[in-house]
Structure formats: C-alpha cells, structure tokens
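Here are some friendly notes to read alongside the model. Keep the 3D view open and look up each residue as you go.

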Amino acid sequence: MKKKWSYYIPIMAMLISILTGCGSSGGSKAVMSDSAAPVMNSTARQEYAGGVADAPAEAAVEEMDKGEGGVTASKTQNVSKDKEDMTLLEEKLVYHCNLDIETLDYPAAIAAIKKTIAKYDGIIQSESESDSGQDWYYADYRKTSGTMHNYLEVRIPSKDYESFLGELDGVGKIISKSTSVDNISQQYYDTTAQIEALQIQEKNLLAMLEKCETIEDMITVEQRLSEVQYELNNLQTTRRYMDMDVAYSYVNISISEVMEYRKDSEPVRKNTFFDRLNHTIVSTGRGFLYFLEGLLFLLIGLMPYILIIAVIYLIFFRKKVHRFMEDRRAKAAADRAQEALRRQNAMQQYAAQQETCQDSPEKKEKE
C-alpha cells in the first residue's frame, strides 16, 4: 500500500505545480516539473526585454531533460555562453505612405501605376473608382472638368518600397505625400518569447500526458494542454500577421483627373508697400475675372429655364398681366385727372378771393 501511494505522490506534485504555475502566470509563462524551468524562462524574458537575442529554446529543453543533477552547472555554462553570443535584435519596421496624385491623362496614369505595381510584385488590396460626371450619357457631352477618381490600397515588398515610390513621381503631379514608420520590434519579440514559453509548456504537458494513469489526471492535463495550444495558435497567427506587415509595406494612392494642373503659388520675395499693393490688385483682378466667368457660365446654364419661364408667361399670364397694366394705367390717368381738377378748383377759389380783396377798398371809399 505504501508503495502504491509513493508511486502517485510525484504525479500529484507535478499536477499541483502545473495548476499553481498556470494561475500565477496567466497562461503566458512555461510551467516545468523541475526547478530549472523558471530560471531558464525568466532568463529568456530578461534577455528579450533587454533587446538582445538569447540561445535557442531547444538548448533549454535539452538542459532541462538532463535532470536536477546537472541543472546548476548547465545554467552557469548557458549564461556565460549567452553573454558571448549576444547580438542586437533586428528591428521590425512597418512602412506607410499616402499619395495624392493629379493627372491630365487618367487612363494612362492608372495603367502606369498598375504596371509599376506588377513590376515589384505588389498586391492591390482594394480599388475604388468613381466618375463624378453627370451628363456623360448624352451624345453631345463634352468634358470640361476632371471627373474620374480612383483610390488604391497597395501592398509593396518592403525591400522595393523606396524604388516603387520613386517610379510614381512621373505618373502625374504629386499634390501631397505623407510617410510614417511603425516600430513593432518590442511587440514582435514579446510575442516570440511567449510563443517559445508556451511551446516548452506544451512539450512538458505532452510528456506528462503519457505518464498519466488515471482518467482524472488525463482530463486535467488535457484541459490545460488545450488552453496552452489555443493561446499558442493565437500568438503564432499574430506573429504571422506582423511578419506580413514587415515584409509588405502599405501604400495608399489617390488619383484624380484634372483638365489643368493647379498653379503653384509663388512666395512673395519682397514685402514693401508697392509689392503688397501690386499683389492685392492682381489678386483682386483675378478674383473679379473668375467671378465674371462664373456669372457668364451661370447665365448660360440658366438660359433654358429663362426661356421656359418666358414661354409660360406668354401662354398663361400675358393677358392677365396686360389687363393688370391697363388697369393701373387707367387708375393713374384718373388720379391725374382728379388731381388736375382739384388744382383747377383751387386756382378758381384763389382768384375769387383776390377779386374779393380788391373790391373791399373801393367799397370803403364810396362809403
């Protein structure tokens, strides 16, 4: 009986160490059956956090499998060997670029851009093309302004990033260009350290699964093993996406069709009174000409509506307007006649009063 219990004691101790280790590390650190595992994993994390590359994880696993007897000596040898083999980690950079291009020949510009993308083995992730013209379906339509627009999201190999951007300079006129670089080195190597730790933990759990003799032990180990494998797959997928971002840069291209390139504003080299006056007069004159041009085009555009309104007036409202105007003229003539009559009456009354005033002194003399 004692032999039977002594046989299960190591297995129970291993299960307890796994469960306690998993709860404290949150599933991101390796749990090992011997005392060498925490030392090796903490060393690896410290070296990744310090920005240097550690020895391969397989060497740690081999040292762990040797047993407790050779742990201290192998640990000392590995630390000294790691200090000799320290190398700087490769930076993981993700490049982004946004381009706004104007072109006079839209089809040729699009063809040239796509040809350049194919030349550097690039990938068009999305393309959005639009035509803002409204009368293109008319037979007599003549384009007077740029209407075509296109937006491309492109992935270009990072090794050809600068060369690709250099070849786009001749496609059209670059209106704006913005670039940025994201350094994901810390995130990348932290993820790598977590993956290696989970791989060691997965290997230990598989070894423990082979030694389990009861169903309860197998269920406990398999449950933990599935959690470790699930998290390991997620981290590996995240690292693959980061590898893709590092290998292929992001380039967003906006192409607009124009009838003429906008004029670059020339800086005012002098700032005297006459220079400012000349600049103001020229700017005002140019703005007034643009206003007259816009007004002329507006009148031309409104001409059909003006003709329609004139026709409706002649058909429906001409007689009413003519009658209304005649009534107003008649009323005005009557008002003028009444005013003339009133003036005439006023003149007659005034004349009568004058005669009365002249007669009154004669009557006084006679009396």
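1. Start with the largest nonpolar core, which has 21 residues. A nonpolar core here is a set of buried Ala, Val, Leu, Ile, Met, Phe, Trp, Tyr and Cys residues joined through side-chain atoms within 4.5 Å; buried means under 20% relative accessible area, exposed over 50%, and partly exposed in between (1.4 Å probe, protein chains only). The members that touch the most others are Ile113, Phe164, Leu165, Leu168, Val251, Ile253 and Ile255.

2. A word on where this comes from: the model is predicted, so local features need pLDDT of at least 70 and side-chain atom pairs count only at pLDDT 80 or more, while totals for chains, interfaces and linings use all residues. Residues are numbered from 1 along each chain as its sequence is written, and side-chain values use heavy atoms, leaving out hydrogens and water.

3. H5 gives the most, with five residues. (Helices, H or I with at least four residues, and strands, E with at least two, are DSSP runs numbered from the N terminus.)

4. Now pick out Ile113. Leaving aside neighbours within four places in sequence, Ile113 is in contact (heavy atoms within 4.5 Å) with Leu152, Leu168, Val171, Ile253 and Ile255. Another core of 10 residues lies apart from the largest one, and includes Ile195, Leu205, Leu225 and Val228.

5. Next, charges. Side chains of opposite charge can pair when their charged atoms come close. How many salt bridges does the structure hold? There are eight, each being a side-chain nitrogen of Lys or Arg within 4 Å of a carboxyl oxygen of Asp or Glu.

6. Arg155 and Asp245 form one of them, at 3.3 Å from N to O. Because Arg155 sits in strand E3 (residues 148-157) and Asp245 in helix H8 (residues 215-247), the pair ties together parts 90 residues apart in sequence. Arg155 is buried, at 7% relative accessible area.

7. Compare Glu227 and Arg224, whose closest N and O atoms are 3.0 Å apart. These two are three residues apart in helix H8, so about one helical turn separates them.

8. Finally, find Arg343 and Glu339, which meet in a salt bridge of 3.5 Å. They lie four residues apart in helix H9 (residues 273-366), about one helical turn. Arg343 is exposed at 54%, and Glu339 is partly exposed at 29%. Shared partners join Glu339, Arg342 and Arg343 into one salt-bridge network.
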